[in-house]
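Q: The labels used for a structure rest on cut-offs. Below, labels are set against the values behind them.

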Amino acid sequence: MSVLLTGAAGFIGSHLTERLLESGSEVVGLDNFDDFYDRSIKERNLTIARDSDVFELIEGDIRDASALASLPGHVDTVVHLAALAGVRPSIERPAEYNSVNVDGTVSLLEFARERGIKRFVFGSSSSVYGNNEKVPFSEADPVDHPISPYAATKKAGELTCHTYHHLHEMGMVCLRFFTVYGPRQRPDLAIHKFARLIRDGRALPMFGDGTTQRDYTYFEDILQGIEGALRFLGDHPERYEVINLGESQTISLQEMIRTVSEAMGMRPEIERLPMQPGDVVRTYADISKARDLLGYDPCTSFDAGVKKFVEWFEKEGVS
Ligand code: NAD
């Protein structure tokens, strides 16, 4: 398999690059090193991948047709993870989110169509569920009420993938990732941000009363799901599927703070703040479809995953 992986320098993309290389695939990474967080972090994420002879990194923007035209001809699969991620900043910069996440996805789908690529995996998000009342969240639930621009762009991405599947017979899997964490986690995400504040002896901002819940998913489980999606499309190139990838366990904000603090052996102060606009009350994945179609079997408990994150953070976490 020869994979075009967008967002290869990012948190999930860099881990996936290594996993694909280990399993014998060639990887062409496309990343523009956007300034959402520091370039040096992304460069470091690529250290291991850059040692491989069958990894090529192209610095470019997914919206740039000439960058796409210059990609090698042997690519037969696309995994599209490049995006402006993060719910809160999307409220400040909706047009940019739309441009990268929606126009950028169209641009890649056009690339895949022109090259006759039939296997396409899109990195979507649990945020499309908005404040879904019913739990756990199932792919059959309506997702017509996103509550942030970011969520709306991910839903738009899923819809556009469906259009290309329908018109051009491309095999598509849209994977809804539920809050991913672990070594290399993006510095803006809560576990990483809190670890930094705890280390620096600063108070943790707790938005709301601490009862909001997230289905935190360890990155290795996400990788297992992406690999499952690639296998699934190999066997069923005619399918379009939307599939949740979570742990199917909820952790409250208070529990998350306690787990991270205990793993770091420190007791932080908490600053209570109102809920933030765009934040959902809970996420909770029904993963029965992923189990059935992808053989997905997430196996990392939150305690174990946080310990691994903290070990990494204490050695290599960013300031
Ligand atoms: P990340 O920011 O670490 O990685 C995204 C990468 O995309 C970055 O390296 C960035 O430089 C690149 N990029 C951004 N705009 C680009 C452009 N225009 N052209 C080329 N490259 C561009 O984020 P992540 O946490 O690894 O997330 C990866 C994907 O998974 C994203 O699509 C995100 O929306 C989705 N997702 C992540 C989570 C999570 O908890 N991390 C949850 C749900 C969905």
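**Labels and their grounds**

A: In this predicted model, Met 172 touches Leu 109, Phe 120, Cys 161, Tyr 164, His 165, Leu 233, Arg 239, Tyr 240 and Glu 241, with residues up to four places away in sequence not counted. Met 172 belongs to strand E6 (residues 171-177).

Q: Why is Met 172 called buried?
A: The relative accessible area of Met 172 is 0%. Buried means under 20%, so Met 172 is buried.

Q: How far apart are the C-alpha atoms of Met 172 and Gly 86?
A: They are separated by 24 Å, and the two residues are 86 apart along the chain.

Q: Why is Arg 184 classed as buried, and what is said of its phi?
A: Arg 184 has a relative accessible area of 14%. The cut-off for buried is under 20%, therefore Arg 184 is buried. Its phi is positive, about 75 degrees, although Arg 184 is not a glycine. Most residues other than glycine have a negative phi. Arg 184 sits in the loop between E7 and H7.

Q: Why does Ser 248 count as partly exposed?
A: Ser 248 has 24% relative accessibility. Ser 248 is in the loop between strand E11 (240-245) and strand E12 (251-252), and has a positive phi of about 65 degrees although it is not a glycine.

Q: What makes helix H7 (residues 190-199) largely enclosed by the rest of the structure?
A: Seven of its 10 residues are buried, so H7 is largely enclosed. The buried residues are Ile 191, His 192, Phe 194, Ala 195, Arg 196, Leu 197 and Ile 198. Their cover includes strand E7 (180-181), strand E8 (204-207), helix H9 (253-264) and helix H11 (302-316). Just after H7, Gly 201 takes a positive phi of about 70 degrees.

Q: What is the omega of the peptide bond from Val 135 to Pro 136?
A: Omega is near -15 degrees, and the bond is cis. Most peptide bonds are trans. Pro 136 lies in the loop between E5 and H6.

Q: What makes the link between the side chains of Asp 61 and Arg 63 a polar contact?
A: The contact is 2.7 Å. The limit for a pair of N or O atoms is 3.5 Å, so the value of 2.7 Å falls within it. Asp 61 is in the loop between strand E3 (55-59) and helix H3 (65-69). Leaving aside neighbours within four places in sequence, Asp 61 is in contact with Asn 32 and Ala 67.

Q: Which polar atoms of the protein lie 2.9 Å from an oxygen atom of the ligand?
A: One is a polar side-chain atom of Lys 42, and another is a polar side-chain atom of Arg 186. The protein covers 98% of the 820 Å² of accessible area that the ligand has on its own.

Q: How many residues surround the ligand, and what are their classes?
A: 30 residues surround it, the closest being Asp 31, Tyr 37, Leu 81, Tyr 150 and Val 180. By class, the shell has 15 nonpolar, eight polar and seven charged residues. E5 gives the most to the shell, with three residues.

Technical notes. Residues are numbered from 1 along each chain as its sequence is written. This is a predicted model: local features need pLDDT of at least 70, side-chain atom pairs count only at pLDDT 80 or more; totals for chains, interfaces and linings use all residues. Side-chain values use heavy atoms; hydrogens and water are left out. Helices (H or I, at least four residues) and strands (E, at least two) are DSSP runs, numbered from the N terminus. A polar contact is a pair of N or O atoms within 3.5 Å; within protein, one must be able to donate a hydrogen and the other to accept it, and residues adjacent in sequence count only if both atoms are side-chain atoms. Contact means heavy atoms within 4.5 Å. A residue is near a molecule or strand if one of its heavy atoms lies within 4 Å of it. Accessible areas come from the Shrake-Rupley method with a 1.4 Å probe; for residues, only the protein chains shown count as cover. Ala, Val, Leu, Ile, Met, Phe, Trp, Tyr, Cys and Pro count as nonpolar, Asp, Glu, Lys and Arg as charged, and the others, Gly among them, as polar. Buried means under 20% relative accessible area, exposed over 50%, partly exposed in between (1.4 Å probe, protein chains only).
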